[in-house]
Every structure is written in structure tokens, then in C-alpha cells.
Amino acid sequence: MMKSYPNILLALCVLTFLFQACSGRSVETITVDRPATTPAPPDRLDDVEGASSGNIIRIGEINKISSFDPLFALNAASQRTIQMIYEGLVVLNAQEQIIPAGARQWQVSDDSLQYTFRLNRNVYFHDDQSFGSGIGRRVRASDYKQAFERMTSRDVPPNAARLFMDRIRGFEAYFYEQRDVYDPEERTLDEINGVRAVNDSTLTFTLIEPDADFLHKLASPFAVVYPGEALRYRSRGIKDEPVGSGPFAFGASFGDTLHVLQKNLDYYRTANGDTLPLADRVEILNISDETEIFRQIVLGRLNAVMDMGPEMIRTLIDSGNELQSSYRDQFDLEVINHREPFVVRYNPDNRFGIGSGHAAALANWLSFDSLKSNSGNPSLELAYRAEGQANDTYLQDLRMIFPRNQNNRLLLAFSSDASAQLLSAGIIDLYDQEFNAALMDRRVFSRNVILAMEKEVRYTPGAMPILPQEILRFNKDRYFLTDKRIQGIRLNSYSWWLDLKHAVVTESL
């Protein structure tokens, strides 16, 4: 948490020194598999009228960036950063279309079961000490194969594997053997047989059945590529010092407060006219205190705030879901229609015998009007409520199990997302008027937990289905706030997608 400007100023002074010291780095690099001379890319900053000579973009994030390892990056703030540092075979654009990235082209078989990707031979990993020369090598098909096999490891969360589990041939069997057969000598599978590196520049996927969303899954932040050398070089792998092939390379971190990315001078993805990013540096400030993050952008020390909390919404957004007129000369607001719901599910394995009837009664007892009033968010809507009634019998059971001022608590757990936490707090405040209710940060899911709130992140097109044990679903818009000095930031309806390649600050901070 950042509470004072002097701390920011000190960190930025250090950063200024560090980057001035590194500014003499040559664009030309030499490695075993990289051409001896890399032509200097065009300087597109000259094309932007009023752009400052050293474009620095400062982004405010309320949610903590939990990890730079793509498989551990589970909230939107972390995944937005992942998308700047890494790339996969394909990516989404602002119109949510699939475009080439690590792959220059691909073919799909007539039966839609085999995808063959031809890699772009001009894609290199960022320079890093994990490479013997310190200079990033060319990305190979085997790097992608390794990344998919790592999804199955018991040492990483299963979220990435769930995207591909029932689609890629051999993935599920390999996943369960890695997770359930603890003795490596007892394992019989050497690979996922549906992922094959034919040679350094050709990769194939074989599916169990056609999947219209397969390319969108490959464009997710879970399917990016990274080198095995970096995983092995440091004890924490790429959690703290990432190595990717994206438009920005990792520069430095100052605790969990300030993270700095540098323009990748070897970034050469030519699809759709892309060359180098226009920004020289991106600074991401994690500020969990809403009052402080608002103060920083009002004072001009931030260019953008990615996710606004309820206090900022109350201050800046009017009843028509637009920016208050008094702030329109200073800020621009983009409202992204809700596509990713917040859901409340009940835990059927709870120790209190709370069943689906009790859970439906809890859902129907909750006053949405009161919750919306407390949240201060004009876009909040109730999208789903479990069928049932606030049945007096069920509610009386709950009053007896969770009486006021007793030990048993009706626990609601929330995922590690600031918006989910704040919405959960509003819900539990209402429940606590009737029952002995409490809120907990969901680190470990125990049998004491009755309800759990999660923000469901979307990786494929279309509406998200109702989940097992889901009793409530809420939608609300995302609010993206920028000051008037920055232009060219691109967003789409996926909360994890952020494109800063074309962003410039037209006036120095």
C-alpha cells in the first residue's frame, strides 16, 4: 500500500537514475541464432504531435500484481501486466479478433481437429542472465510445448489446464498422471501427445473434438510462451523476474508497490503494421487505498486508473453512469459494459448441513436494492438469483445455526480481487443484520465457509454459463479513467486485455 507521495518520488528518482544509466544500450545484438545485425526500427514518436521525447506511462492498479508467472497470475491486474511482457501464438486486438503474434500463420484441418502453426522467426525472448550470453534467443516450437506441459504440474494452479483439459488430445491423461502419481518413476506418459513440436518453427495441436473457441483460448494470458532457462535460473523462476517476448520487458520492481517495464527494442511483430511500442517505459503503481489512488491521479502523478472502486465511483460518476461535469476538463472516462460477472456460490461440503434450500433462501432474503444503494454503483445489476423463496423454515434454521453474538459465523469468502472484496463486504453487512455473519479473505477454502464470492474472468466469447452451486450473480460496468495528457490506450471487453503499444503522453508529468 502506498500512503505518501515522498515514497513514490524516492522510487521514481531511483528509477530515473537506473534508466539513464541503461540508456546507452545498443539495438544491435549478437547471439548464436540471432542475426548479427538487427536493423534499427523506425522512431514513430516523431509521428505523434506533441509527444514528449521520453514517453513514460504511469498506470494505477488497486489490485495487487500477485505474480509475473503467467500460471500464477490469477487476477485481472496481474494478467494485464502478463499481456504486456509475454505473447502467445496469437493475440486479440481491440475488436476482439484473433491476429498473429508468435505464429505468423496457421492452418486448420478439414475435420477441425488439427491446428498447424508456423512460427514467426523474428520473435526473440527478452535479454536475461538466464541465457549464457545474457542476450535473448529465438523462440522455438519446443518452448510452447514446454509451456503447455507445465500447465499440468502439481506445482502450479490448475486454471490454465482447465482451458485445455477436455480439448487437446492426451492433455487430461497427462494432467492427472502429473498430479496424482507422486513417484516420477511410476509415471508412464512422457508428453501430451496432442502437442507436438515438429521442428523449431512448426507446432501442431490435435484436438479430441472441434472447438470453435480454441484460438481464443490460445490468446489468453495462460497460453503465453517463456523460456525454460529462466524457470531454472532463479529459485522462484519467473514469478519476480519475468522473461517473455512481448512489447515490454521487465525492468525493476520496488516491493509490491512499483513495477517498471521497458520498451522491448527487439519487438518486431509486423502484423497489422505494429513495430515498436511508442512508450519508452511503463510504470505500474499498486495502490490499494482508494483515496490515495484518486489523489495521485488528481495531482497528475498517474496517467490512468484501471479499476475504480466505490468511493471513486461515487465521486466521479453521476446517476446517468457518466463522468461528473466538474471533472470532464481533467479526465476522460471509458465505460466498458459488463461481460464478466461476480458470482456467489454456496459450499455444499460445509459442516453445518446447509443445503441448496437454505442457500436459495439466503439468496432470496438479500435485498438487492439495499445492496445497490450501499455500493454507490449505478451500473450494478442482479443478473441471476437461485430459484426459491426466503422460506421461514430455512431462515429459522439459519438463525438457530448462526445466532447473533455466538461462535458460529455465516462466513462469506472472497477471491483476491478488490471489486469482489468490496461487493462481498456490502453483502455480508446485510446478512449480519439477521445472522452472525462475517467476511474472510479466501486463502484456504474450509468447511466453515458457507458462501464464496468470485469474479469470473472471461477468456472466450459469449455469455458465461451459470456455475454449479451458484445462487447469486451480479454484473457491473468497468470504469477506466485517464487524464487528458495520454492518448492511444486500447481496451476491449476482456478485463485482462490492455494494449499500450500505441499509447503516448503528450505532455510530460
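## A walk through a predicted protein model

In this predicted model, Ile59 has Ile284 in strand 10 as its bridge partner. Residue numbers start from 1 along each chain as its sequence is written. Because the model is predicted, local features need pLDDT of at least 70 and side-chain atom pairs count only at pLDDT 80 or more, while totals for chains, interfaces and linings use all residues; side-chain values use heavy atoms, leaving out hydrogens and water.

### The overall picture

The protein has 13 helices and 23 strands. Here helices (H or I, at least four residues) and strands (E, at least two) are DSSP runs, numbered from the N terminus. Of its 509 residues, 55% count as buried, where buried means under 20% relative accessible area, exposed means over 50%, and partly exposed lies in between (1.4 Å probe, protein chains only). The protein exposes about 22,100 Å², and carbon and sulfur atoms supply 46% of that area. Such areas come from the Shrake-Rupley method with a 1.4 Å probe, and for residues only the protein chains shown count as cover.

How do contacts span the sequence? A contact means heavy atoms within 4.5 Å. Among contacts between residues at least 6 apart in sequence, 70% join residues at least 24 apart.

Two strands pair if DSSP finds at least two bridges between them. Strand 1 (residues 56-61) and strand 10 (residues 281-286) run parallel and are joined by 6 bridges. Strands of a sheet pair through backbone hydrogen bonds, either parallel or antiparallel.

### Cores and aromatic rings

A nonpolar core is a set of buried Ala, Val, Leu, Ile, Met, Phe, Trp, Tyr and Cys residues joined through side-chain atoms within 4.5 Å. The largest one has 76 residues, of which Leu89, Phe164, Ile168, Phe171, Phe205 and Leu218 touch the most other members. Apart from it lies another core, of 34 residues, including Ala359, Leu362, Tyr431 and Ile450.

Phe164 is buried, at 0% relative accessible area. Not counting residues up to four places away in sequence, Phe164 touches Phe148, Met151, Phe171, Phe214, Lys217, Leu218 and Ala223. Phe171 is buried too, at 0%, and belongs to helix 5 (residues 171-180), where Tyr174, Phe175, Glu177, Gln178 and Arg179 are also buried. The cover over the buried residues of helix 5 includes helix 3 (141-150) and helix 4 (159-164).

The structure holds 23 aromatic pairs. Rings of Phe, Tyr and Trp (its six-membered ring) pair if their centres lie within 6.5 Å; planes under 30 degrees apart count as stacked, over 60 as edge-to-face and the rest as tilted. Here are two of the pairs:

| Pair | Centre to centre | Angle between planes | Kind |
|---|---|---|---|
| Trp106 and Phe117 | 6.0 Å | 40 degrees | tilted |
| Phe164 and Phe171 | 6.5 Å | 35 degrees | tilted |

Trp106 lies in strand 4 (residues 103-108) and Phe117 in strand 5, 11 residues apart. One aromatic cluster is formed by Trp106, Tyr115, Phe117, Phe148, Phe164, Phe171, Phe205 and Phe214.

The definition asks for NZ of Lys or CZ of Arg within 6 Å of the ring centre and within 35 degrees of the ring normal. The charged end of Lys239 sits over the ring of Phe72, 4.2 Å from its centre, and that of Lys476 sits over the ring of Phe342, 5.0 Å from its centre.

Arg118 is in strand 5 (residues 114-119) and is partly exposed at 29% relative accessible area.

Glu96 has a positive phi of about 65 degrees although it is not a glycine. Glu96 is in the loop between strand 2 (90-92) and strand 3 (98-100) and is partly exposed, at 23%. Asn321 also has a positive phi of about 65 degrees without being a glycine. Asn321 sits in the loop between helix 9 (310-316) and strand 12, and is buried at 17%.
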